[in-house]
Amino acid sequence: MTSPCVWILLLLWAWSAEAYRTPYDQRQEPESSRDQTDPWEYRRDGSPRDMRECRRCCDPGEEPPSQYVSQQPQQHPPYHIVPQINITILKGEKGDSGDRGPYGKSGKAGHMGPTGPPGIKGNKGSVGHPGEPCKSYFAAFSVGRKKALHSNDYYQTLVFDTELVNLYSHFNMFTGKFYCYVPGIYYFNLNVHTWNQKETYLHVMHNEREVVILYAQPSDRSIMQSQSLMLELERDDQVWVRLYKGERENAIFSDDFDTYITFNGHLIKPKNEV
């Protein structure tokens, strides 16, 4: 009977003491303890704890200590999710072609390839248009002179009296000039015989222009002199020989029996074939 009574009294005492015990979370430590530099602190279970360890500010449902309120980071605005757009879905229509750029530099020429096999013979072509009537594609002349000629106070045209060749009569025997009816490249040659103790001075003329000179100084001996040239002529051009008017006596030799003076010319190639 005594034992149950003792247990009942012990329970009543423990219950009365629990009502006056201050909870651990509500106990306040002296302010001086917070300023101490002791790195050790005791957990609730009585074991020491290093102040340098990371510790949470508060448990769920508890207010954080005042000393950590100012150290909390600032509240950031809420994060908004921005939808990502697939650009390939928004691809537009194909645009117009731009202007063509400039050509680049030409490359180096390659090596010539081997000769290919001969092709099949083609069909015969059609007949061409008829040629122009009364048109000559060749011209030639060769004329001579059997009479001597002396200079005086004016220029003299060398006129020829012997016709050796005069194809299509392009050389006029009365004027002593060759008239071009077939444009192209021509070859001309002049041969004369000098006179003793007299100067020989002539020009081959193209229209009114002096082209080349045939010249021999006075000498005790008479000799043959020659001059040759080629000219490109247009239609109605004239080629002729002129005796020059000089201060000295100017002459060319000939007689009535032999031909000492000759002038020749012929077409090398027509202009339409050049």
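Mentor: Ile8 lies in helix H1, residues 2-20. Helices (H or I, at least four residues) and strands (E, at least two) are DSSP runs numbered from the N terminus. This is a predicted model, in which local features need pLDDT of at least 70, side-chain atom pairs count only at pLDDT 80 or more, and totals for chains, interfaces and linings use all residues. Residues are numbered from 1 along each chain as its sequence is written, and side-chain values use heavy atoms, with hydrogens and water left out.

Trainee: What is the area of the nonpolar surface patch made by Ile8, Leu9 and Leu12?

Mentor: Patches are made of residues with over 30% relative accessible area and no salt bridge; like charges are joined within 9 Å, and nonpolar side chains (Val, Leu, Ile, Met, Phe, Trp, Tyr) within 5 Å. A salt bridge is a side-chain nitrogen of Lys or Arg within 4 Å of a carboxyl oxygen of Asp or Glu. Areas come from the Shrake-Rupley method with a 1.4 Å probe, and for residues only the protein chains shown count as cover. The patch made by Ile8, Leu9 and Leu12 has an area of about 320 Å².

Trainee: Which strands are the edge strands of the open sheet of five strands?

Mentor: Two strands pair if DSSP finds at least two bridges between them. The order is E6-E3-E15-E9-E12, with antiparallel pairing. Pairing on one side only marks the edge strands, E6 (162-166) and E12 (224-233).

Trainee: Which residue in E15 stands opposite Tyr186?

Mentor: Strand E9 (residues 184-193) and strand E15 (residues 261-270) run antiparallel and are joined by eight bridges. The residue in E15 opposite Tyr186 is Leu267.

Trainee: Is Ser169 buried or exposed?

Mentor: Ser169 is in the loop between E6 and strand E7 (171-172), and its phi is positive, near 60 degrees. Most residues other than glycine have a negative phi. Buried means under 20% relative accessible area, exposed over 50%, and partly exposed in between (1.4 Å probe, protein chains only). With a relative accessible area of 54%, Ser169 is exposed.

Trainee: What is the relative accessibility of Asn207?

Mentor: Asn207 is found in the loop between strand E10 (200-206) and strand E11 (209-216). Its phi is also positive, near 60 degrees. Asn207 counts as partly exposed, at 28%.

Trainee: How many helices and strands are there in the protein?

Mentor: Buried residues make up 24% of the 274 residues. The protein has three helices and 15 strands.
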